[in-house]
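Reader: I would like to go through the labels used for this model and see what each one rests on.

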Amino acid sequence: MANDLLQGKHALLTGAGGGIGLATATAFVQQGARCSIVDMHAAPSEGVAALIDQYPDAVQYIRADITHMADIDALVATAISRFGQIDVLFNNAGIAIFEKLLESTEAAYDKLFSVNVKGLFFVMQKVLQHMVDAGVKGSVINLSSQAGRRGEALVAHYCATKAAVISYTQSAALAMAPHGIRVNAIAPGVIDTPMWQHVDAMFAKLEGLAIGEKKIAVGKAVPLGRFGYPEEVADAAVFLASELSRYITAQTLNVDGGNVMS
Ligand SMILES: NC(=O)c1ccc[n+]([C@@H]2O[C@H](COP(=O)([O-])OP(=O)(O)OC[C@H]3O[C@@H](n4cnc5c(N)ncnc54)[C@H](O)[C@@H]3O)[C@@H](O)[C@H]2O)c1
């Protein structure tokens, strides 16, 4: 791959303290972008701190909880004040909670929808307003999931939140097309990140499995025969963020080793 696909661009990435978000920030910086990395912890993670050490003029860390509207306003303002107009949004912060359908709780519903849908939508809305005001022909990438493509018995609320991401991506793409702003989503399959450690533990409890058993089974079931790496989602994000995808909008790209065909 060339190494200047995002030269001069400023990317804002939410939930990028680790996993897919951090891998994507790293790939974006390697392609010449400046990155504002958002996560909810007071201090940057080890991975983010290392990236700042390596690229002190191109990476900043911003603490924000995307479920708080005031935090959203502040994170966008802070990002712009350091690195100028935002050209790319990697709208990635998300959580997973799995429960049996008949035992699923209002608390889990509220938490999942407040991060994965409400937070994602209002971060996108705020950044799109900025792009329209500043005349930026930007690119927005929302994180959906293979879970947004079909329901799962133990994953009802998470699946619903990720289906909502696909729908908001389509609506925003149509609303923003006249402004030359593209809005797409990525639907990862099973990617080896801290989230999947948590997912494996939830399945172990719900299905009476040993820790690690579910992970081995779902990896084997992928047509390409293994879990994905965060860097493989990051490569797709570089494509969607760059001019290489200039005629692509309103799409949800599966990065899943062949799990979903659509
Ligand atoms: N790992 C997978 O297999 C997989 C598959 C499909 C979709 N996804 C989606 O990809 C995205 C990234 O997943 P990951 O596996 O890297 O997860 P992860 O848990 O490793 O990272 C998610 C990050 O989001 C942050 N976050 C959570 N709530 C937040 C909030 N309110 N405000 C700010 N930051 C918050 C967390 O602190 C964490 O650093 C998520 O939206 C996830 O649903 C992951």
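Reader: What makes Glu 207 buried, exposed or partly exposed?

Author: The model is a predicted one. Glu 207 has a relative accessible area of 36%.

Reader: What links the side chains of Lys 214 and Glu 207?

Author: A salt bridge, with 3.1 Å from N to O. The limit is 4 Å between a side-chain nitrogen of Lys or Arg and a carboxyl oxygen of Asp or Glu, so the pair qualifies.

Reader: Why is Lys 214 called buried?

Author: Its relative accessible area is 18%, and buried means under 20%. Lys 214 therefore counts as buried.

Reader: How do you know that Lys 215 and Asp 192 form a salt bridge?

Author: Their closest N and O atoms are 2.7 Å apart, and the rule asks for within 4 Å. The two residues lie 23 residues apart in the chain, with Lys 215 in helix α7 and Asp 192 in the loop between β6 and α6. Lys 215 is partly exposed at 24%, and Asp 192 is partly exposed at 36%.

Reader: How many salt bridges does the rule give?

Author: The count is 5. Among them is Arg 226 with Glu 232, whose closest N and O atoms are 2.8 Å apart.

Reader: Why is strand β3 described as largely enclosed by the rest of the structure?

Author: Because 4 of its 5 residues are buried. Strand β3 also pairs with β2 in the parallel sense, over 5 bridges.

Definitions and conventions:
Residues are numbered from 1 along each chain as its sequence is written. This is a predicted model: local features need pLDDT of at least 70, side-chain atom pairs count only at pLDDT 80 or more; totals for chains, interfaces and linings use all residues. Side-chain values use heavy atoms; hydrogens and water are left out. Buried means under 20% relative accessible area, exposed over 50%, partly exposed in between (1.4 Å probe, protein chains only). Two strands pair if DSSP finds at least two bridges between them.
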